Amino acid sequence: MKNILEYLENAAEMFPEKIAFADEFSTITYRELLLKAQMIGSVLIRKSIGRSPVAVLLGKTPESLAALMGVVYSGCFYTVLDAEMPAARMNAILKDLAPAAVLTDQSHEAQLKQTNFNGPVLFMEDLFSEQPDREALSRVRAKSIDTDPVYVLFTSGSTGVPKGVVVCHRSVIAYTEWVGKTFHLNENTVFGNQTPFYFSMSVLDLFSTLRNAATLYIIPKKLFVFPAKLIDFLRERNVNTLYWVPSALAIVSNWKLFDYTPAPFLQTVLFAGEVMPAKVLNYWAAHLPETLFANLYGPTEVTDICAYYVVNRVFDDAESIPIGNACDNCDVLVVTPDGREAKPGEEGELLVRGSFLAMGYYNNPEKTAESFVQNPLNPYFPEPVYKTGDIVKRNSLGELLYVTRKDFQIKHMGYRIELGEIEACVYASGEIESCAAIYDADADQIILFYQSGTVDSPAISEALRNRLPKYMLPSRLIRLDHMLYNQSGKIDRNRLKLKYESEYKAAVPHKKGAEHN
Amino acid sequence: MDKLLEILRGVNPDVDFTKEKDLFGSHILDSLSLVMLIPDLEETFDIEITPADLLPENFESAETIYAMITRLQENG
């Protein structure tokens with residue numbers, strides 16, 4: 001197998017009338033999906049733009065997934081644009097990507113017009129008037145190889161400038177095979193999709209659905225805000241498999257939804273994207289004793305995931321859930337700052353090698369060279385590894401534990417401190433919706449932001465004093481009405497730092513300004 | 001109703017809650033602001049809001065929130 005479209009074609013042959021994708025309003029069967037994707041592919045082939053990026057600006061609908069497959073049919077690769085992102089960011093992405101075309105619909109035309117894009121624009125409304133050009137589609141397919149890109153997904157870089165991660169067929173196939181075999185997915189699998197299609201986690205939902213001829217229901221976003229009918233939505237559609245970010249799972253535990261509506265129909269619950277608070281997992285596990293839970297770990301640069309841990313024991317509320325071991329057909333290395341393999345228990349940066357690795361960053365050789373490097377443990381032949389920037393260590397069971405981001409590991413009063421460890425203790429101190437510790441290097445202070453309806457700063461302080469050494473205690477605790485999140489729903493530490501500097505840090509005279517005045 | 005408007009202005013001071021009819025669609029209310037809003041409402045109006053009340057139609061506008069409060073007070 002060399003092309004992800006084979007998944008779609010196999011499913012359409014075996015289960016043509018089965019629903020592939022659905023949302024609140026519409027459904028698409030495998031037969032319709034195949035036909036629409038081939039129609040879109042045929043139109044794009046006529047534009048003769050092959051092996052170039054095509055940006056897709058659509059709502060989160062079943063038809064938008066047909067558009068993605070259509071782009072792949074044309075021999076191009078797709079970039080999903082977040083329809084809700086600010087115009088400035090969309091502009092930055094369009095500039096970096098310089099797509100050969102943008103695929104959109106009339107309801108998103110105004111948004112596209114706000115950008116500087118002046119290349120060809122195709123409207124979904126115009127693409128389904130002609131039958132697929134089978135001869136052209138076969139010609140393109142015959143030329144395709146498994147290292148051709150499938151997509152470019154943009155991640156927010158730590159500097160705030162988005163980077164486009166290029167992922168090829170071979171990576172998506174290797175990853176999707178691992179998911180399907182490990183979690184025993186099949187045609188009876190029904191996904192309840194939470195993650196946006198511009199986010200790498202959705203790669204699991206989308207391609208696992210196709211590989212296993214499963215069905216995917218897009219959960220309306222509003223059900224994660226007003227969750228009264230969230231569990232009903234899943235039950236009514238026989239959803240049995242979830243792959244959500246921990247903050248979405250936390251909505252269920254914060255509102256104690258299972259106390260009102262049990263969900264024994266959930267067989268498999270996977271999570272990734274951020275650290276899973278043990279407290280949230282414990283609520284889920286207590287209410288779903290028969291369900292398989294697994295913690296998945298990985299960045300967009302390794303397609304989605306490189307290591308995983310199937311939950312097989314009970315965790316204390318303050319404990320961290322391991323990230324486990326490497327996925328099948330993928331390898332992870334823990335390398336110390338002096339370039340050797342870490343011993344058990346010793347911390348090091350996690351590096352990844354193998355077919356899950358992305359090709360690099362689009363139109364960005366510098367950033368690619370920084371992160372995709374020669375395997376430091378192999379001087380003998382070229383072998384790229386991806387440097388995750390995450391510090392990990394192995395516990396006594398040989399499982400990998402996530403320690404912190406390389407950038408979050410700080411030296412404070414001479415001690416090396418993991419900000420994540422402070423956060424884990426805060427979460428264990430009571431009903432905390434969200435928290436983040438940041439480090440003010442100038443003042444050598446740890447600052448803790450938190451959001452909680454019931455717990456106040458003195459209570460958190462006391463809990464931390466009972467659990468942490470003195471040098472790890474935050475100098476300031478700041479309660480927020482709203483935690484700041486970035487577009488993928490993760491805590492936005494850069495913005496928190498800026499907020500701290502502009503609103504909370506004691507005003508220090510600007511030396512430069514004073515000199516000039 | 002005035003008490004409710006005061007609480008809502010606490011969530012977002014820049015919105016005219018007497019006019020806004022689609023608090024979710026216009027991104028004024030989200031899951032996080034809801035988490036803050038609910039305990040305030042419960043305390044001020046002496047009601048208990050359960051997950052069953054967390055329906056989009058109850059939180060469309062200040063009016064629908066007020067209608068929910070009145071209903072919960074009557075039933076309580």
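The largest nonpolar core has 155 residues, and those with the most contacts inside it are Leu8(A), Leu33(A), Val56(A), Met69(A), Val71(A), Cys306(A) and Val352(A). A nonpolar core is a set of buried Ala, Val, Leu, Ile, Met, Phe, Trp, Tyr and Cys residues joined through C-beta atoms within 7 Å. Helix H2 (residues 30-46) of chain A gives the most to this core, with nine residues. The model is predicted: local features need pLDDT of at least 70, side-chain atom pairs count only at pLDDT 80 or more, and totals for chains, interfaces and linings use all residues. Residues are numbered from 1 along each chain as its sequence is written, while chains are lettered from A and ligands numbered from 1 in the order in which they are written.

**Terms for burial and secondary structure**

- A residue is buried if 20 or more other C-beta atoms lie within 10 Å of its own, exposed if 12 or fewer, and partly exposed in between, with C-beta atoms placed from the backbone.
- Helices (H or I, at least four residues) and strands (E, at least two) are DSSP runs, numbered from the N terminus.

**Domains and cores**

- Chain A is assigned domain 1 (1-144), domain 2 (330-405) and domain 3 (413-512), with bounds that come from an automatic or database domain assignment.
- The C-alpha centres of domain 1 and domain 2 of chain A are 34 Å apart.
- The largest nonpolar core, of 155 residues, draws at least three residues from each of domain 1 (1-144) and domain 2 (330-405) of chain A.
- Apart from this core lies another, of 21 residues, among them Ile422(A), Cys425(A), Cys435(A) and Leu448(A).
- Leu33(A) touches Leu8(A), Ala12(A), Ala20(A), Ile28(A), Ala66(A) and Met69(A), not counting residues up to four places away in sequence; contact requires C-beta atoms, placed from the backbone, within 7 Å.

**Sheets and strands**

- An open sheet of nine strands has the order S2-S1-S10-S9-S11-S12-S13-S14-S15 (chain A), with mixed pairing; two strands pair if DSSP finds at least two bridges between them.
- Strand S2 (27-29) and strand S15 (325-326) of chain A stand at the edges, each with a single partner strand, so one side of each is left without a neighbour in the sheet.
- Strand S14 (residues 307-310) of chain A runs antiparallel to S15(A), joined by two bridges, and Ala307(A) stands opposite Ala326(A).
- In strand S3 (residues 53-57) of chain A, five of five residues are buried.
- Both faces of S3(A) are covered, with Pro53(A), Ala55(A) and Leu57(A) on one side and Val54(A) and Val56(A) on the other.
- S3(A) pairs in the parallel sense with strand S4 (residues 77-80) of chain A over four bridges, and Phe77(A) is the bridge partner of Pro53(A).

**Helices**

- Helix H4 (residues 87-97) of chain A has Met90(A), Ile93(A), Leu94(A), Asp96(A) and Leu97(A) as its buried residues.
- Ala98(A), which follows H4(A), has a positive phi near 40°.
- In helix H12 (residues 278-287) of chain A, Ala278(A), Lys279(A), Val280(A), Leu281(A), Tyr283(A) and Trp284(A) are buried.
- The buried residues of H12(A) pack against H10, strand S12 (268-271), strand S13 (292-297) and helix H14 (419-428) of chain A.

**Loop residues**

- Ala213(A), in the loop between helix H8 (202-211) and strand S10 (215-218) of chain A, has a positive phi near 50°.
- Ala213(A) counts as buried because it has 22 C-beta neighbours inside 10 Å.
- Asn238(A), in the loop between helix H9 (230-236) and strand S11 (241-244) of chain A, has a positive phi of about 60° although it is not a glycine.
- Asn238(A) counts as exposed because it has 12 C-beta neighbours inside 10 Å.
- Val245(A) lies in the loop between S11 and H10 of chain A, and its C-alpha atom is separated by 5.5 Å from that of Phe271(A), 26 residues apart along the chain.

**Interface of chains A and B**

- 17 residues of chain A are in contact with 17 residues of chain B.
- Helix H10 (246-254) and helix H11 (257-260) of chain A are the elements that give two or more residues to the side of chain A that touches chain B.
- The residues on that side of chain A divide into 10 nonpolar, three polar and four charged, where Ala, Val, Leu, Ile, Met, Phe, Trp, Tyr, Cys and Pro count as nonpolar, Asp, Glu, Lys and Arg as charged, and the others, Gly among them, as polar.

How values were computed:
Contact = placed C-beta atoms within 7 Å.
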